[in-house]
Amino acid sequence: MTTTQSVPTRTGMTVEAFKHAFLDNLYYLQGKDRSSATREDYFKALAYTVRDRMIHRWLATRRTHERSRVVYYLSAEYLLGRQLANNLLNENLTDIAHQALAELGLDLADFYELEAEPGLGNGGLGRLAACFLDSLATLNIPAVGYGIRYEYGIFRQKFVDGWQVEEPDHWLANANPWEFAHLDQRVQVGFGGHVESWTDSSGKYRARWKPARTVYGVPYNTMVPGYGTDNVNTLRLWGAQASEAFDLQLFNAGDYIRAIEVRALAENISRVLYPDDTTPQGRQLRLEQEYFFVACSLQDILRSFRSQGGDWSQLPERVAIQLNDTHPAIAIAELMRLLIDEEELEWDIAWPLVTRCFGYTVHSLLPETLEEWPVDLLTRILPRHIDIIYEINSRFLAEVSRQFPGDIHRLTRMSIIRESSERHVRMAHLACVGAYAINGVAELHTRLLQEHTLRDFAEYWPEKFSNKTNGVTPRRFVKLANPQLSALIESRIGTGWLTDLEQLRRLEPLADDHTFRTEWHAVKQQNKLTLANEIQRIMGLMIDPASLFDVMVKRLHEYKRQLLKVLHVITLYQRILADPKADLLPRTVIFGAKASPGYWMAKRIIRLVNGVAEVVNADPIVAGRLKVVFVPNFNVSLAERIYPAADLSEQISLAGKEASGTGNMKFALNGALTIGTLDGANIEIREQVGAEHFFLFGLTADNVLALRARGYNPREIYERVPALRTAIDMIADGRFARGDRDTLRPIVETLVNNDPYMVLADYEAYLAAQAAVETAYRDREAWTRMSILNTARSGFFSSDRTIRQYCEEIWKVQPVRAMLPLNVER
């Protein structure tokens, strides 16, 4: 029998040690030798070899942080991206792994594409959470991320006849080599049932929830290594497990489906990210998901707190819980339940502890994301929690009425319970009442929260509100996504920018250096060629790398105004039809977006974009001047190809609707110029890079409010602007739906009769800004100079900066370096 040779250390940081560990893992964990190993076997052996080198740092970090103040980050989404390259980079193993595999006749680059991407998020919210985890570890901040280990995550998108079709994303089909399942630390979570109450021997009211059914939450730990540090933090994702595997009596009776029904229903909780909530069953499952991961996480947090001893009065000194948007807001009621029912603290002792533990980040201004749950549903699923919420609300409104006596309208607006034909619990209000800090994620967003969305709370608790503009990690979105640009930057200013992004400012003088501009342009062109090859591989569509790459990739929502972009494309097509010899700048318009399965208008917009692409790309009159690409299944891996290749970044949401955006930051860091409105973080990007390097258009947030107040009439614009009318009429005539006038009729009717996101109001200004883009792009030297300055001046948008602000201003937490044993190789 052949075995691999032993080495002095299992986790040595030399090429020879890495090579031997790789072969050991192939043999002992995969059960293969090189004669029978598949590429998947090699990938897993490689992942285990990298993981092994993080474990001792991870365990040392956990031990070091046991008595520290810890940040607990609660998020329904984590859009992590592939882990192999990121872990190699952060553990300083890339060169070692490359050489070790090369000596075995293998190429490291071949294994990056084998890794399944965890589809644990839907867009910016989940990707921000992943960036924050990276920064927390890099900055040595004691932190744990909590979420759900969705079995299928976000769906895999494909297009059939132009329509989005959702397929299950089997990201766990070949198992996840980066995680550890710790069954010994599972917790129990209840649903339904009733509440028993009594008076104890001292005459005090007591209550205890008796759930009708329970499930287990099983923790799956993923290590999160920091860059340039020994610290390795934890992402703990919860998977649902039935408390009873199956009914043996039913099984033996031959009723096999009913025998496993309870198990299937229990495990549905962690099956899919954001199930369609247009049905009662879907809404119930969404609520159960949110409560499940919150309940699991809080039990885990309190278990950790208890293990270190100490009095309950110390809880807020040791625990900083951040609610990443409104999804985890039920945590306020759950922590109260645990303290007053399970730990038997008095309300007046428990409530001050709760309100000193939670921070709340608001990520939107849209009503549907400031969740509300029907009281009837909450009463049925979480009967003890609705009692606690009512009590919180009663005490809160009593405080408000003392400060604003007789102001019934204010009490109605601020109440956690919205009174209507069907009563609802306003989860954002619960979070505002229960948190000690509330923050927006861009300057405009925070101002609008304070002046409009949460105005009453801002007036009542002005000290709670602050702004924390989002950021992104440069390690993944520049160093890994754009290695050629990173190499060019490092050839001039070194590597310090990876942990101090403001050092990119040192590139500014180089914008006037012809040689540097030539090198910069060459990198951009190579990135465009790489993306063109990827699009041809995925879609069989050839695009011209010499054309302007005009890119709009983001979640599909009407407020983001993909419709405005497609109207611009149709207008360009009209110009070519009207004058086949027109001197139009060659342009490739690249879309990428997923629509929520139940969002029917968004799905029609996808159908429209694909219909426009079908017509434009097939028309010989266009002759290479215009091409439209809708890349299916946009995810982090595709984003890492697209951001470096983009020339123009489309950030065209209606002002006052986008909270911040982070794609805008990734584009700017990679040298794309922005065309956009004064919305979200666009405002700060424009301030940083300079107004002359940003293509601004459109209504401001104040303009939008004023126009609505006056009465907005989109039909008047449609009738007044010939190019717009022609574009909309082409849609109405079925030109982009293979002659079917009905398919896209709802889009036309919405635009002309209602236009809630003022696409028509900004159309003419948008076309003017696009004309300025064309003029600027024709001057290659000037465009390249602007591209360099966009990157050089985007250092503010590092997630490291954002996390430092959270630590200093909200969490009050200090860096703590892991204490490693002396015999550990670094």
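This is a predicted model: local features need pLDDT of at least 70, side-chain atom pairs count only at pLDDT 80 or more; totals for chains, interfaces and linings use all residues.

Trainee: What volume does the second largest pocket have?

Mentor: The second largest pocket holds about 570 Å³ of space. It is lined by 27 residues, and those closest to its centre are Arg62, Glu66, Tyr72, Val144 and Ser304.

Trainee: And which elements give two or more residues to that lining?

Mentor: There are helices H2 (39-64) and H10 (280-307), plus strands S1 (70-74), S2 (143-148) and S10 (232-242). H10 gives the most, with six residues.

Trainee: Switching to cavities: how many of 30 Å³ or more does a search of the whole structure find?

Mentor: The search finds four.

Trainee: Which residues lie nearest the centre of the largest cavity?

Mentor: Leu80, Gln83, Asn86, Ala130 and Asp134 do, out of 15 lining residues. Helix H3 (84-90), helix H6 (124-138) and strand S9 (213-225) each give two or more residues to that lining. By class, the lining has seven nonpolar, five polar and three charged residues.

Trainee: What lines the second largest cavity?

Mentor: The lining includes Glu558, Arg561, Gln562, Leu563, Ile605 and Thr750, and Val759 is also among the residues there. Helix H23 (562-578) and helix H31 (745-753) give two or more residues each. The lining has six nonpolar, two polar and three charged residues.

Trainee: You mentioned Val759. Is that residue of H32 buried or exposed?

Mentor: Val759 is buried. Other buried residues of H32 include Asp762, Tyr766, Gln770 and Glu774.

Trainee: How far apart are the end C-alpha atoms of H32, and what span should its residues give?

Mentor: The 19 residues of helix H32 (residues 759-777) should span 27 Å at 1.5 Å a residue, and the end C-alpha atoms are 25 Å apart, so the two agree. H32 does bend, by about 30 degrees at Ala765.

Trainee: New topic, backbone angles. What is the phi of Asn92?

Mentor: Asn92 has a positive phi of about 60 degrees, although it is not a glycine. Asn140 also has a positive phi, near 65 degrees.

Trainee: Where do Asn92 and Asn140 sit?

Mentor: Asn92 is in the loop between H3 and helix H4 (94-103), while Asn140 is in the loop between H6 and S2.

Trainee: Buried or exposed, for Asn92 and for Asn140?

Mentor: Asn92 has a relative accessible area of 64%, and exposed means over 50%, so Asn92 is exposed. Asn140 has 6%, and buried means under 20%, so Asn140 is buried.

Trainee: Last one. In what order do the three strands S13, S14 and S15 come in their open sheet?

Mentor: The order is S13-S15-S14, with antiparallel pairing. Strand S13 (372-374) and strand S14 (417-418) are the edge strands, and each pairs on one side only.

Trainee: How many bridges join S14 to S15?

Mentor: Two bridges join S14 to strand S15 (residues 424-426). The bridge partner of Arg418 in S15 is His424.

Key:
Residues are numbered from 1 along each chain as its sequence is written. Side-chain values use heavy atoms; hydrogens and water are left out. On a 1 Å grid over the protein atoms alone, a cavity is a set of points where a 1.4 Å probe fits but cannot get out, and a pocket is an open set with protein on both sides within 12 Å along at least five of seven lines; lining residues have an atom within 4 Å of a point. Grid points are joined across faces, edges and corners, and a volume is the space filled by probe spheres set on the points. Helices (H or I, at least four residues) and strands (E, at least two) are DSSP runs, numbered from the N terminus. Ala, Val, Leu, Ile, Met, Phe, Trp, Tyr, Cys and Pro count as nonpolar, Asp, Glu, Lys and Arg as charged, and the others, Gly among them, as polar. The expected span of a helix is 1.5 Å times one less than its number of residues. The bend at a residue is the angle between axes fitted to the seven residues ending there and the seven starting there. Buried means under 20% relative accessible area, exposed over 50%, partly exposed in between (1.4 Å probe, protein chains only). Two strands pair if DSSP finds at least two bridges between them.
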